[in-house]
Amino acid sequence: MIGEKKSLFSGMQATGNLTLGNYLGALRNWVTLNEEYECFYCVVDEHSITIRQDPAVLRKRARALLTLYIAAGLDPEKNCIYYQSHVSAHAELAWILNCFTYMGELNRMTQFKDKAAKHADNINAGLFTYPVLMAADILLFQADVVPVGIDQMQHLEITRDIAQRFNGIYGDVFTIPEAYLGKVGAKIMSLQDPTKKMSKSDENANASIYLMDDPDTVMRKCKRAVTDSEAQILYRDEQPGVKNLLDIYCACTGKTADEAVKEFDGKGYGELKTAVGESVVAVLKPLQDEVARLEKDKAYIDNAIKTNAEKANYAATKTLRKVQKKVGFPERIR
Ligand code: TYM
């Protein structure tokens, strides 16, 4: 809780090209939430350096992501949209929370195991303590809810555990956050292997639809999507490729799975794939146009960055000071 409203926090990494999964599973669901919640949306650039980055590319991607937040419909006057690295309280709280998190807990994190396997030459301590920084992000803003896709649930659980542990020692310092999952699209799968989530780090470019893919590319990737030999369009776990296409279709059109199955009754996979591709293009095209428009408006974006960083700093510092006092750091002399 911050002020009168309940508080909400979420973030995305500016690593790689954002996928349709990021959009349907997270970003798109954020747009209407500011009526009910005080919303903080962070470009988590500090998380990104757990994997080696080219500095110029990271800077560019971070700005592109912040612009995308706004293009997706997050009004920067009504939502606090900012860079994690502009609010030093994130790193400071993460340090404190590190001292309240166990190695055993972090060892269980599947994302750490996956990333460590993928980047075996750079298993750094930051990669290991990544969930603690994420906990700090959320707890700094006393978030009541955290809208994320299913893949982040384990990180949210550890955040709750850390917060409860801290509160158990020092009293009610942190709000215990709840996950907020979208009704559809919470787990969009790879187009080439529908048992794996669609991921920006997938090496096979055909596996993911990127938000900036042009219409031809989107159609081509949908047409190449892996399905099965059942030759029937049903929404069921036994047909993960078809199910994923229907999920994408429903998320893009607002139709229910039942409606979609009826619509494609007696039709072939080719028709399904075309319809899915068209529904994705219809969602992405306006988003891409808005990104292009905003990219030209440097002063507007710069102003949003400056004012929102101040707002985020103010809210975050308030929690940080409380925590610092609780753990016994000396008071500041004014
Ligand atoms: P990231 O950057 O990997 O993903 C951003 C958001 O997109 C969701 N998502 C998906 N949803 C559905 N289907 C998919 N295939 C898919 N792929 C990704 C993710 O669940 C996420 O909501 N650790 C986080 C970033 C983060 C964060 C936070 C999130 C840092 N601090 C605090 C919430 C609160 C991450 O790497 O997300």
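Analyst: In this predicted model, helix H4, which spans residues 89–98, packs against helix H7, residues 125–140, with the two axes coming within 8 Å and crossing at roughly 120°. Angles of 65 to 115 degrees count as roughly perpendicular, and those over 145 as roughly antiparallel; H4 and H7 are therefore oblique to each other. The crossing in which H4 passes H7 is right-handed.

On the H4 side, the contact is formed by Ala-89, His-90, Ala-91, Leu-93, Ala-94, Leu-97 and Asn-98. H7 contributes Thr-129, Val-132, Leu-133, Ala-135, Ala-136, Asp-137, Leu-139 and Leu-140. By residue class, this contact of H4 with H7 comprises 11 nonpolar, 3 polar and 1 charged.

Thr-50 lies in the loop between helix H2 (45–48) and helix H3 (55–71). Its relative accessible area is 8%, and a residue under 20% counts as buried, so Thr-50 is buried. Leaving aside residues up to four places away in sequence, Thr-50 touches Asn-122, Asn-124, Gly-126, Leu-127 and Tyr-130. Asp-121, by contrast, is located in the loop between helix H6 (110–118) and H7. With a relative accessible area of 74%, Asp-121 is exposed. Between Asp-121 and Leu-234 the sequence separation is 113 residues, and the C-alpha to C-alpha distance is 43 Å.

Strand E3, residues 79–83, is mostly covered, with 5 of its 5 residues buried. From E3, Asn-79, Ile-81 and Tyr-83 point one way, while Cys-80 and Tyr-82 point the other way; all are buried. Strand E2, residues 37–43, runs parallel to E3 and is joined to E3 by 5 bridges. Within this pairing, Cys-42 has Tyr-82 of E3 as its bridge partner.

Helix H12 (residues 269–296) and helix H13 (residues 298–327) have axes 5 Å apart and pack at an angle of about 85°. This angle makes H12 roughly perpendicular to H13. H12 provides Leu-294, Glu-295 and Lys-296 to the contact, and H13 provides Lys-298, Tyr-300 and Ile-301. The residues of this contact of H12 with H13 divide into 3 nonpolar, no polar and 3 charged.

H12 also has a part in covering another helix. In helix H9, residues 215–223, the buried residues are Thr-217, Val-218, Met-219, Lys-221 and Cys-222. H12 is included in what covers these buried residues of H9.

At 3% relative accessibility, Asn-244 counts as buried. When residues up to four places away in sequence are not counted, Asn-244 touches Lys-187, Ile-188, Met-189, Ser-190 and Leu-191.

Methods
Residues are numbered from 1 along each chain as its sequence is written. This is a predicted model: local features need pLDDT of at least 70, side-chain atom pairs count only at pLDDT 80 or more; totals for chains, interfaces and linings use all residues. Side-chain values use heavy atoms; hydrogens and water are left out. Axes are lines fitted to C-alpha atoms, for helices over the stretch in contact, and angles run from 0 to 180 degrees between N-to-C directions. Helices (H or I, at least four residues) and strands (E, at least two) are DSSP runs, numbered from the N terminus. Angles under 35 degrees count as roughly parallel, over 145 as roughly antiparallel, 65 to 115 as roughly perpendicular and the rest as oblique. A crossing is left-handed if the near helix is turned anticlockwise from the far one by less than a right angle, and right-handed if clockwise. Contact means heavy atoms within 4.5 Å. Ala, Val, Leu, Ile, Met, Phe, Trp, Tyr, Cys and Pro count as nonpolar, Asp, Glu, Lys and Arg as charged, and the others, Gly among them, as polar. Buried means under 20% relative accessible area, exposed over 50%, partly exposed in between (1.4 Å probe, protein chains only). Two strands pair if DSSP finds at least two bridges between them.
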